[in-house]
Structures are given as C-alpha cells and as structure tokens.
Amino acid sequence: MARRQERAAGSGCWLPWLGFALLPLAVPPAAAPGGCPSACYCVATPEQVQCRYERLEEPPKELPVTVHNLSIAGSNLSVLPRAAFAARPLPDLRLLRLRHDNIHTIEDMALQGLPALRTLDLSHNPLLSVAAGAFAGVPLLRTLQLNQALLAAPLEDQLALAMRNLSLRRLELAGNALRALPTSLLPAGLEELDLRNNSLQRLVAAELRSLDAPGLRGLRLTLGANPLSCDCALRPFLAWLRSAAVARVPDARSLRCATPPALRGAVLLRLRPEGLVCVDAEGGEPGRLETASYVFFGIVLALIGIVFLMVLYLNRRGIKRWLHNLREACRDQMEGYHYRYEQDADPRCASAVGTPGL
C-alpha cells in the first residue's frame, strides 16, 4: 500500500511539468510574439507562412520577422500600394507568392522592405497597371512568375520599364496568349524563359536573331502547348531549333504542329523543310490551289466542248439543211446582183435610156 502511494506521488510530480510542456501548443499562433497571423498558418516553422483563401484585402501585418517564404492565395488584395509589406521589417523573406489575389495594380516601391526577395510570383492575377518603379527595392530578385497575369491588358511596355533595373535569371510568361516573342522583356543574362501554353505559331527570323544576342546566348526557353503553324514560314525556326535542340529548348522533342490539318499532331523535329508548304491566310495552299483551279477550269471547258459537239452531231441533218438553204439564198442573192450588173452594163439599154423620144 505504501509503495502504491509513493508511485502515485511520484507520477503526480510529473503533471505540472507536463502541463508546462503542452502550454505552448494551447496558445494560438497570433498570440505568441513573432508567430503566425490569425488569418494564416505556419508550415513546420514560422519561416513558412501561408494565407490561403482568407479574402484578405491587404497583406497581413503580424508576420514573423524570420519568415522566409510567404504565400497569399485566393484573397482580394486588388492594389499593392507603396511599401505594402513594410509594416514590419522582413529582412529574410526570399519567396513571395501572390496567386489568385485579384491584383490589378502595382504601385511604385510596392515591395519596399523586402531586401532579400529572390522569387516573386504574381501568377493568375488580372494585372492592368504596373508602375515603372514597382520592383524597386528588391535588387536580389532573380525569378519573376507572371503566368496568366497578362491577359487583361497589354502590359509589355509597362513591364519593360519596371524590369529595366532587374537582373532576372528566370521569367515565366506561360498562359498569356502571347502571339510573338516579348523581346522587350528579355534582360541580358536571362537564363530561363517559360512561354508554354501561349498563342505562338512560330518564331520569326528577327526574334531568332534577338535570342542569339550576346546577352541571351545561354537562354533556355520552353515552348510546349503552343499552336505551331507548320508552313513555309516555320522553316527558319525549324533550322534554328535543330541547331539549338535540347541545349536551348528543353522540350524541343515534344513540340507538335497544330496546323495545317494534314500535319496536325506531327512532331516538329521529324519534319523536313521541303515538306513545309506555304499556306495563305484562309488556310489553303496557294501553289496547289492554283494548280487545282487550272485543272478544274480545263475540265469545265472540255465538258462544254463535248456538249457542243454532241449537239452538232444530233442536229447534223437540220444543220445540213440550214446550210443548204443558206447557200441557196446566197446564190439567189448573187444572181440578182449579177443580173442587175448585166442590165446596167448593156449599151443598148444605156442608149435607150439616153434617147427617150426615139
């Protein structure tokens, strides 16, 4: 009995210590200094903060100072004003994801106070306006993700001004319905360019020359899921692609033709340049179309000639009769003219006419 009481007393001594150990788990994250905001949660450690589908109208202000990765998704931030994240210094923030946040305007110095930021993700936002100094204050930014963010308005000129002082290494522009290579958005030293799922039909010679510029010779670009038009205008791009191959275009072997219908789904690198025929604006092939037109016109003329000969053959008797009558009529007419000529040439008739009294 005494031993049981001693064991109970010993176990009771551990209860206070157990309570102190569980106390931090019972305190909500926002209550702890430097913890997660109430609308967000930390993944593993306060260095990774996610605020998902909380309909925030501004970035949270109670962020841990030590946060490295911050993700805000599904909110309604709308406008990123000046120093939007400077309410509390975030000197160690390296990755900022702002996806599906309905952001349409980025003002000057919006990222002020994030000196260590290296990756910025603004994908899936209907951007309408980007100030010239929108990315000022983030000198270490190396990756900019703008997937499906340029569909609401043409922002190439605005982005070119905003990116002029950046030293980007990776730029993502997938899913923006781009019809041409955005050469003004390619800073010297860029290493990776994502152009998947756009509306590119080809890269023309001028665009290929820009990719071979001294500052972009090491650029790798991905072009998958673009509706490539495999006509004669694609020959320069095909030649460049074969020379660059995997070194410049990692997904080169997966590129396929979208048009013309005869080559739909064909692997681009398996095509020969002479097999890429010229296609007009309506999707036809001018050379073959012209030849087909001449053949059709010749067939029509031949049919008309055959029908005409058949009509002549079936009406040969009537035509013969009509020709005979025509010949007889012409003969009678000529005989009449001949008789009149003889009457006028007869001297007796002329003297009789000259002496009517005799």
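1. Buried means under 20% relative accessible area, exposed over 50%, and partly exposed in between, with a 1.4 Å probe and protein chains only. At 42% relative accessibility, Cys330 is therefore partly exposed.

2. This is a predicted model, in which local features need pLDDT of at least 70 and side-chain atom pairs count only at pLDDT 80 or more, while totals for chains, interfaces and linings use all residues. Residues are numbered from 1 along each chain as its sequence is written, and side-chain values use heavy atoms, leaving out hydrogens and water.

3. A disulfide is a pair of cysteine sulfur atoms within 2.5 Å. By that rule there are three disulfides.

4. Cys40 sits in the loop between helix H1 (2-26) and strand E1 (41-42) and Cys51 in strand E2 (residues 48-52), so the link ties together parts 11 residues apart in sequence. Helices (H or I, at least four residues) and strands (E, at least two) are DSSP runs numbered from the N terminus. The link of Cys40 and Cys51 is right-handed, with 100 degrees about the S-S bond. Cys40 is buried at 8%, and Cys51 is buried at 0%.

5. Cys230 is joined to Cys257, S to S 1.8 Å. This link is left-handed, at -90 degrees about the S-S bond. Cys230 is buried at 1% relative accessible area, and Cys257 is buried at 4%.

6. Cys232 pairs with Cys278, S to S 2.1 Å. The torsion about their S-S bond is about 115 degrees, so this disulfide is right-handed. Cys278 is partly exposed, at 41% relative accessibility.
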